Amino acid sequence: DGLAFTPNGRPVLSAVSLALAGEGITLILGPNGAGKTVLLRILAGLERPHGGSISWGGNGAPGDRIAMVFQHPMLLRTTVARNAALGLKPLGLGKAEVRRRVDAVLGRVGLTHRAKDSARHLSGGERQRLALARAWAVHPRLLLLDEPTAALDPTATEAVESIVREIRTDGAKILMTTHNLGQAMRLADDIVFIEAGRV
C-alpha cells in the first residue's frame, strides 16, 4: 500500500498499491527501468521501501517460505547438486531429506544427469533451470522471478516457462517480471502493468 522507493531523491517507485491473490501467476509487465525489479527486491526483503507498507495476508512478514530467482542467477563454484541444496541449509533438514529434495527437483527440471558436474559448465538455460530448482526445493509459498528468460533463446525460454507452470501447480504463488507481452499472455493469471514507478 503506497510503496515508495526514492534513492537520492529520485522516484523509482511512487505510491504503488496492489492487492494480489495468494495463488496463481501474476506477471508484472513494463518497460526497462519501470521499477519492476525494485518492487520484487522490496518484497524479498533485499531493499527497504522509503514509504508505504506491505501486509502478507494480515501479517507483518511473509514467513520463511519465500524464494527469489534473478535474471542472472548466482551459482557457487561447486556441483549442480550442491547448488540445488543451497537454499535448504537454513531449514535444518537432515541429509537424507536434503538429498531427496535435491534429487526430486533436479529430476523435474531435467538436470539429474548433470548433478555431479560443475555448475560453471552449464549453459545459460541450464543455469536458470538450476536456479529454479534451488528455489523449488524449499517448497516456496511465494516465488519471485525477475525476468528469468530475458537472456535465453526460445527453446530455453520454453523450458523455463514449463517449469514455472509446474511450480505454480505445486501451490506456489508466483510473481514474475517481464517486458515480453507474449510471455505475459502465455503465463499470466493476471497482469500488473508498471510504468515510471506507477501501476
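Which strands does helix H1 (residues 36-43) lie across? Helix H1 lies across S3, S4, strand S5 (142-146) and strand S6 (173-178), running at about 150° to S6. The model is predicted, so that local features need pLDDT of at least 70 and side-chain atom pairs count only at pLDDT 80 or more, while totals for chains, interfaces and linings use all residues. Residues are numbered from 1 along each chain as its sequence is written, and side-chain values use heavy atoms, with hydrogens and water left out. Helices (H or I, at least four residues) and strands (E, at least two) are DSSP runs numbered from the N terminus.

**Sheet**
- Five strands make up an open sheet with parallel pairing, in the order S4-S5-S6-S3-S7; two strands pair if DSSP finds at least two bridges between them.
- Strands S4 (66-69) and S7 (190-193) stand at the edges with a single partner strand each, so one side of each is left without a neighbour in the sheet.
- From one strand to the next, the twist averages 15°.
- Strand S3 (residues 25-29) runs parallel to S7 and is joined to S7 by four bridges, with isoleucine 28 opposite valine 192 in S7.

**Helix packing**
- Helix H4 (residues 124-136) packs on the sheet, touching S4 and S5, and its direction makes about 175° with that of S4.
- Axes are lines fitted to C-alpha atoms, for helices over the stretch in contact, and angles run from 0 to 180 degrees between N-to-C directions.
- H4 and helix H5 (residues 154-169) pack at about 10°, with axes 9 Å apart; they are therefore roughly parallel (angles under 35 degrees).
- Contact (heavy atoms within 4.5 Å) involves residues including Leu132 and Trp136 of H4 and Ile163 and Ile167 of H5.

**Largest pocket**
- The largest pocket holds about 590 Å³ of space, a volume being the space filled by probe spheres set on the grid points, which are joined across faces, edges and corners.
- A pocket is an open set of points on a 1 Å grid over the protein atoms alone, where a 1.4 Å probe fits, with protein on both sides within 12 Å along at least five of seven lines; lining residues have an atom within 4 Å of a point.
- Of its 24 lining residues, Leu20, Ile54, Ser55, Trp56 and Gly57 are the closest to the centre.

Methods
Parallel < 35°, antiparallel > 145°, perpendicular 65-115°, else oblique.
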